[in-house]
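Take a moment to look over the sequence and the model. Then follow the chain with the text below.

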Amino acid sequence: MASIDIQSIRKSFGTFPVLHGVDLTIRDGEFIVLVGPSGCGKSTLLRMIAGLEEVTSGEIRIDGKRVNDLPPKDRDIAMVFQSYALYPHMSVADNMSYSLRLRRSTKEKIASAVGGAAAKLGLEPLLERRPRALSGGQRQRVAMGRAIVRQPKAFLFDEPLSNLDARLREQMRAEIKKLHGDLRATSIYVTHDQIEAMTLADRIVAMHGGIVQQLGSPLELYDRPANLFVAGFIGSPGMNFFEGRYLVSGDHADLRLSNGTMLPIRKREGLESGSAATLGIRPEHVVLADNGALEAGVDLIEPTGFGIIMHVTIHGIPMKIFSQDRRMLKPGPAIRVDLPQDRLHLFDSEGKRVD
Amino acid sequence: MTFAAHPHAAKPLRKRIADASEPYLYSAPALVLIIGVMLVPLALGISYAFRDIQLLNPFSGGFIGLDHFRALGQDQAFFRALRNTLWWTGASVFLQFIFGLILALLLDKPFAGRGLVQALVFLPWAVPSFLAGLNWAWMFNPVIGPLPHWLHALGILDAPNNILSDPHLAMWGPIAANVWWGIPFFAITLLAALQAIPRDLYEAASIDGAGPVQRFVSITLPFLAPTIAITVLLRTVWVSNFADLIIVMTNGGPADRTQIVASYIFTQAFKRLDFGYASAIALVLLVLLLVYSLLIVLLRQTLLNKG
């Protein structure tokens, strides 16, 4: 187990830049999730830590030791692949013991390591089988078993649950969390699924366009998104946005929409009156009230069982509301809502959060 | 309650015959072709082995039982040809395979101009074998070819002589030509098999701690094994029957030192015009190759079942 230090890492494929200088310090035993849409560079960053991609510039240190030029096998890390990458001609036991056999560990040590990992993951009845005789979930488990037998300095996960169905994904997610609780091993986990990111991470690294957008605990990202990208990416259904102008009058402020409607908001420091701004509010924070300040035309109702997602239009702007009020299954053509001021997020013209 | 009449009783005889023969009629065109083109000549050829057929003897053609095979048992030239066939086939296939594998591994790595090189590698395969044989025969000729001088300069030959006329070295001439001509087959088939191996297996292995040699042994070879088995089988049968290069380059000489069974059959049939005896030799070769193929197929099956 070890800390991992990443300093101003850049990566280009040919002349095409993929990562524009990433800094990240991962503490010993921490579970870090890299999250972002496809092509944001999260997998590339992980593969650079693993040693599968060359570093264009910058420095990676594992346990204080510079590993830029070390081959993967000398970095003492383990990786779980999206495709599992199990060796098809080897049994489950051989798959798990391969790394130990390469290191010429003793037979007793291999047997106890494989036995321990198999017990932890419930793989004992499958040890003699070949990967093709296993289900997706079992293969996933074997891939994790292969990673933990070696007790490496760090675990790298590259979208390990993407190939599983929703139910199994939920189950394996909990198992990974439990496993991390047992082993307390430094882990880096790449996913595009924000639920996985929120549930698993000690800290989330939200990435977009090869740049780290925000680094923080899951609730920090949810409660105080640093910019429009994070605000829109974290949370489901996604945050609603209103574009307009920030106007100060006395000791309170408003956002004026393009049609002239004034939405009252809290006054912020550091934003000049009259500048363009975007207001955001999460669907679950919109309050339904019979005497609400805004009228919303109802377009569509999506019942999820747990709650209701309402697609509405306010002043010509489409937005979503999440409610657990069953009466909203048949709301009528229009409802009235309030946007509570303490739930509003304000972003400046560059998309940066303003407090 | 009423019963429908028995269907057979209801149909007229002609309809029943038509129904019964329907599948045979559908398959008849293919079957007639296969029988006419493959089985009839095969049966005819096998029957020659038991008859005395000499083109220059108008009274020949009678059934002589196993006489040819008895003569074959005493024929020292045949046994030498058999040994030469083993040597020729073994060396050719082994070298073709090794160089083909190396070439495939090189072509599997990305580099600038790979597409062009992959196309060029296929080129020897497109050269007619007689042309290839003539070319190599000229290259080994010290008067016009450079090879004897190069081999002499490297100290491999004592003097820049034509190895094709040296009884101890002559076989290496056709083998060299055959290796050059046959490498593309192995390179292309093995390259296709290599490219079907998932890349992340290599990445997983390198993270697990495997070096290049260990990755080759524990991932590449197991994935290639079925392809290797089938291509080696095919090429062995092919090369042992492949007399073109030998006929063109040495014609079996000097002193029968490069005579293989296939070229011996050719000599018996088209030089001595003894078709009966040639057919008997061909039959023996056929049986030997069938046994060999059976063994390889069994081996491959056990390998696949194990995998």
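**A walk through the model**

R184(A) lies in the loop between helix 5 (166–183) and strand 8 (186–191) of chain A. Helices (H or I, at least four residues) and strands (E, at least two) are DSSP runs, numbered from the N terminus. This is a predicted model, in which local features need pLDDT of at least 70, side-chain atom pairs count only at pLDDT 80 or more, and totals for chains, interfaces and linings use all residues. Residues are numbered from 1 along each chain as its sequence is written, while chains are lettered from A and ligands numbered from 1 in the order in which they are written.

Stay with R184(A). Its phi is near 50 degrees, a positive value in a residue other than glycine. Is R184(A) buried or exposed? R184(A) has 12 C-beta neighbours inside 10 Å, so it counts as exposed. The cut-offs are these: a residue is buried if 20 or more other C-beta atoms lie within 10 Å of its own, exposed if 12 or fewer, and partly exposed in between, with C-beta atoms placed from the backbone.

Now move to Q151(A). It sits in the loop between helix 4 (136–148) and strand 7 (154–158) of chain A. Q151(A) is not a glycine, yet its phi is positive, about 50 degrees. Q151(A) counts as partly exposed because it has 14 C-beta neighbours inside 10 Å.

Next comes a sheet. Six strands of chain A form an open sheet in the order 6-7-8-3-9-10, with mixed pairing. Two strands pair if DSSP finds at least two bridges between them. Strand 6 (77–80) and strand 10 (211–216) of chain A are at the edges; each has a single partner strand, so one side of each lacks a neighbour in the sheet. Strand 3 (residues 31–35) and strand 9 (residues 203–208) of chain A run parallel, joined by four bridges. In this pair, V33(A) stands opposite I204(A).

V33(A) leads on to the core. The largest nonpolar core has 104 residues, and V33(A), L34(A) and L156(A) touch the most other members. Such a core is a set of buried Ala, Val, Leu, Ile, Met, Phe, Trp, Tyr and Cys residues joined through C-beta atoms within 7 Å. Helix 3 (residues 107–121) of chain A gives the most to this core, six residues. In general, nonpolar side chains tend to be buried together in soluble globular proteins.

One last stop is a loop. A cis peptide bond joins S236(A) and P237(A), with omega about -5 degrees. P237(A) lies between helix 8 (228–233) and strand 11 (240–249) of chain A.
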